[in-house]
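Please look over the sequence and the three-dimensional structure shown here before reading the report that follows.

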Amino acid sequence: MLPGAALCPATPLLHPALTGQDPVVPELRRACAHAVTRLLTAGPDTVVVIGPAGATSEWDPAGRLDPSVFAPGIRRTGDRSLPPALGLGAFLLDQAGYVGRRRLQAVGLDEPASACIQLGMRLRETDAKAALLVMGDGSARRTLKAPGYLDSRATAFDKEVEQVVRDSDLAALQRLDRRLAHELLATGWPAWQVLSGALQDLTPAADVLYCDAPFGVGYLVAYLKTRLWMSS
C-alpha cells in the first residue's frame, strides 16, 4: 500500500556541509524539502529511500551520509561506505524531522530493468503503509562544463523523463534506453525503474516542483500521490 513517492536528485548541492549554509541553488533545496514534507504528510508507516549504488542491497536504516565522500578535505562523519544517494535521502528525511521507520534500499547501476521493476513490485507488496523517496540524477552532459561534457542527446533525454512524470505515465520509464542513460551519466535510471514497478497501475497524480540543469546536470524534483490513496 503506497501512499506516494517523492523524486529528488542525489546531488551534494543539497547538503550544507558541502556548500555552506547559503545554498548554491536555493530553489532546488526548497523544492526537495517541499517534496519530502508532502510525502510525510500522508503519514506513512515507513519511508523507503531508493538510490543508485554499485550493487543492489539494503543498508542499515541508521546509516547517515559522510559528506567527505564528496569533499575529502572536510571532517569525516557518518558512514563512509553508505552509497551517497541513500545518505542524501536520509539527510532529507532528517532535515524534515522524520523519526519514523525507514529503509535504505540501494539498486545497482548495472541491474537490468526487469530486476529493478521486480524490486519495486516487492516493495509495493509490503503490508506497511510505505512511501518512497527516490534519489537520482538525470543526464550529467547538458553543457560544455558539465561533469561529462556536452552531449546533444542529453536535453531531450531529460525532457522525456520530465514529461513522463508530468503525465503520470510511469510505465513509460521502463522504455527509457538503458544504454543511452549510461552514456549520458543519468544515474537515476535504475531507481526510476524501481519506482515504475512500485507504482505500476496506480496512476499517481504528479506535481513537478523543479526541473533544471544547474552546472550541466539534470535535476528533477516531483511529488507523486497515488489516486488509490486519495480515494481512501
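Arginine 102 counts as buried because its relative accessibility is 7%, where buried means under 20% relative accessible area, exposed means over 50% and partly exposed lies in between, computed with a 1.4 Å probe on protein chains only. This is a predicted model, in which local features need pLDDT of at least 70 and side-chain atom pairs count only at pLDDT 80 or more, while totals for chains, interfaces and linings use all residues. Residues are numbered from 1 along each chain as its sequence is written, and side-chain values use heavy atoms, with hydrogens and water left out.

Arginine 102 is found in strand β4; strands (E, at least two residues) and helices (H or I, at least four) are DSSP runs numbered from the N terminus. Leaving aside residues up to four places away in sequence, arginine 102 touches Thr46, Val47, Pro61, Arg64, Ala90, Leu93 and Asp94, a contact being heavy atoms within 4.5 Å.

The table lists polar contacts, meaning pairs of N or O atoms within 3.5 Å; within protein, one atom must be able to donate a hydrogen and the other to accept it, and residues adjacent in sequence count only if both atoms are side-chain atoms.

| Side chain of | Partner | Distance |
|---|---|---|
| arginine 102 | side chain of aspartate 94 | 2.9 Å |
| threonine 11 | side chain of tyrosine 219 | 3.1 Å |

Threonine 11 lies in the loop between β1 (4-8) and α1 (16-19), and it counts as buried because its relative accessibility is 2%. Not counting residues up to four places away in sequence, threonine 11 touches Leu28, Leu88, Asp137 and Tyr219.

Strand β2 (residues 46-53) is mostly covered, with 8 of its 8 residues buried. In a regular strand the side chains alternate between the two faces of the sheet. In β2, Thr46, Val48, Ile50 and Pro52 point one way, whereas Val47, Val49, Gly51 and Ala53 point the other way, and all are buried.

Which strands pair with β2, if pairing requires that DSSP finds at least two bridges between two strands? β2 pairs with strand β4 (residues 101-108) in the parallel sense over 8 bridges, and valine 49 stands opposite leucine 104 in β4. Strand β5 (residues 130-135) also runs parallel to β2 and is joined to it by 5 bridges, with valine 134 in β5 as the bridge partner of isoleucine 50.

Technical notes: Pairing = 2+ DSSP bridges.
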